Every structure is written in C-alpha cells, then in structure tokens.
Amino acid sequence: MQYHRIFLGIVYSFYPVGRVRPNRLAGFVCGNSAFVIGMRPVRHLGYSQSSLTWSILLLLILWLSMPTVIYADQRLVPEERPVLALPFRLQGLEGEYHQLHDYRGKVVIVNFWASWCAPCRNELPSMNRAWAELKSKDVAMLAINLGEEVDAVKAFLNDYPIDFQVLFDYQGRISQRWRVRGMPTTFILNRRGKIIYKVVGEMAWDDPIIQKQIEALLVDPFSLNVKVEAETTY
C-alpha cells in the first residue's frame, strides 16, 4: 500500500471549502481502489477540526493501515442477479452527448474513473490495450470521468492517451445511480443491457482470460446458451 497516496487522499477530502471546487470529488486511495466520500468537500471552518472529525479521521487512518486489502481477482465473477443498467445521457470530450441507448445490442464496458485516482491511472493502459483487441468486435467501451472539468481531463489524456470514448459525470449523479462506491469501478453489460460483471478496483483488462470472458458475451450474453432477442431492453 502506498501511504503517501493515502495521506494525500485524506488531506484532499478534508481540505477547506474555499480551496476546492464545489463539484470536485472527495475520496481516498486504499490498495487498488479509490473510495468515494462525496461530491462536495466536508464543510468546516478554516483549518480547525472538531474533535468528532479528528476521531473519524483517526479511525480512517487506522482502518487504512490494516494489512488486509482485497484485490480484484484476474477473473470476472458474474453477478448473482444481473439487473438492467440504468440509462444515462452524458457529454463527451467535444461536448457531444452520448446515451447508453446508443449502444443497444452491443456488449458495453462502462468504467468510472478520475485522474486523481492512482488505481485508475494504473489500469488505463491495460484498458486501452484491451480496446485495441475488442474495437473491431461488437463491443463498446466508455470511460465515465467523475467530477472533473474537460480541460483538466484533456491535459491528463496527453500523458495517459486512450482511444475509447470518454464521458463526463460532472455532478456524480450517474455514479450515484449506478451505486459506485470506489474507483475504478467497471461494469460489463450484455447485449440486452443487463450488468453481468462488476469489478471494483484495478484490473489487467488485457489479460487473455478476461478478454475471453468478455468475448463470450458476444455469442452467449447470459452465459446460459440463451439467444439474443432482436430488440434490447434499454
């Protein structure tokens, strides 16, 4: 575990209101995930913290210091009860709008991320390599950024270039509806728009086993040998 990232994440989460943009995401990094605290900074007066806040902060530090950290296995585990993904309409890098409905009939990979999230940065290159293998197939890959501005993300992508679609969840409303609690969080939808896989934390997406699991949804979207209906449900 990288303790300097944990410290910076905690400081960022408790930074004074005047120093943080209202829509900026607060969170902290632990292991291979960055956990979301909220879309607005904690309200307090200046740099003084109440005893309750310091108690919470101390407990948080102790919890983060625990040696047991759960890492995502290099194999996708299907959801016990796949549910229909909730619709969204979000802007892209050039201001154009994209809806989940636009990708109906495809296998869709939806990744929630932020540039300040170290595990997100770590996995982006592997996602891009995976996309190079999948883009010629009936697969869509969407990277939904949480709480950052377009110019900042464009500058970030100069250092971490990716070839798949980037969208913006400025206020975090979609991430809340999709119940994102840590980043990166990745959902894989079958052709009918149901969430078959959910991964919280960093993953090597170009791993051959994972690639085969994703490609299997193209032929067998339920992993139960059920044919795809002509009309999707989202």
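Student: What percentage of the 234 residues in the protein do buried residues make up?

Tutor: The model is a predicted one. In this model, 47% of the 234 residues are buried. The accessible surface comes to about 12700 Å², and carbon and sulfur atoms account for 55% of that surface.

Student: How many helices and strands does the protein have?

Tutor: The protein has six helices and 10 strands. As for the contacts with a separation of 6 or more, 72% of them join residues 24 or more positions apart.

Student: Which residues is W178 in contact with, leaving aside its neighbours within four places in sequence?

Tutor: W178 is in contact with A85, L86, F88, L100, V110, F112, F187, L189 and I195, once neighbours within four places in sequence are left aside.

Student: Why is β6 largely enclosed by the rest of the structure?

Tutor: In a regular strand the side chains alternate between the two faces of the sheet. A strand can therefore be examined one face at a time. In β6, V139, M141, A143 and N145 lie on one side, and A140, L142, I144 and L146 on the other; every one of these residues is buried, and both faces are covered. Since eight of the eight residues of β6 are buried, the strand is largely enclosed by the rest of the structure.

Student: In which sense do β5 and β6 pair?

Tutor: The two strands pair in the parallel sense, over seven bridges. Within this pairing, V107 stands opposite V139 in β6.

Student: Where is the place of N128, and is N128 buried or exposed?

Tutor: N128 is found in helix α3. Its relative accessibility is 15%, so N128 counts as buried. Beyond its neighbours within four places in sequence, N128 is in contact with P161, I162, D163 and F164.

Student: What does D206 form with R129?

Tutor: D206 forms a salt bridge with R129, and the closest N and O atoms are 2.7 Å apart. D206 belongs to the loop between β10 (195–200) and α6 (208–219), and R129 to helix α3 (residues 118–134), so this pair ties together parts that are 77 residues apart in sequence. D206 is partly exposed at 29% relative accessibility, and R129 is partly exposed with a relative accessible area of 45%.

Student: With which residue does K137 form a salt bridge?

Tutor: The partner of K137 is E215, and their closest N and O atoms are 2.7 Å apart. This pair links distant parts of the chain, 78 residues apart: K137 is in the loop between α3 and β6 (139–146), and E215 is in helix α6. K137 counts as partly exposed at 34% relative accessibility. E215 is also partly exposed, with a relative accessible area of 25%.

Student: Which residues form a disulfide, and how far apart are their sulfur atoms?

Tutor: A disulfide is a covalent bond between the sulfur atoms of two cysteines. The structure holds one disulfide. C117 and C120 form this link, with their sulfur atoms 2.4 Å apart.

Student: What is the handedness of the link, and are its cysteines buried or exposed?

Tutor: The link of C117 and C120 is right-handed, with 80 degrees about the S-S bond. Both C117 and C120 are buried.

How values were computed. Residues numbered from 1 in each chain as written. Predicted model: local features only at pLDDT ≥ 70, side-chain atom pairs only at ≥ 80, totals over all residues. Heavy atoms only, no water. Salt bridge = Lys/Arg side-chain N within 4 Å of Asp/Glu carboxyl O. Helix = DSSP H or I, 4+ residues; strand = E, 2+ residues; numbered from the N terminus. Buried < 20%, exposed > 50% of the residue type's maximum accessible area, 1.4 Å probe, protein only. Disulfide = S-S within 2.5 Å. Contact = heavy atoms within 4.5 Å. Areas by Shrake-Rupley, 256 points an atom, 1.4 Å probe, with all protein chains shown as cover. Pairing = 2+ DSSP bridges.
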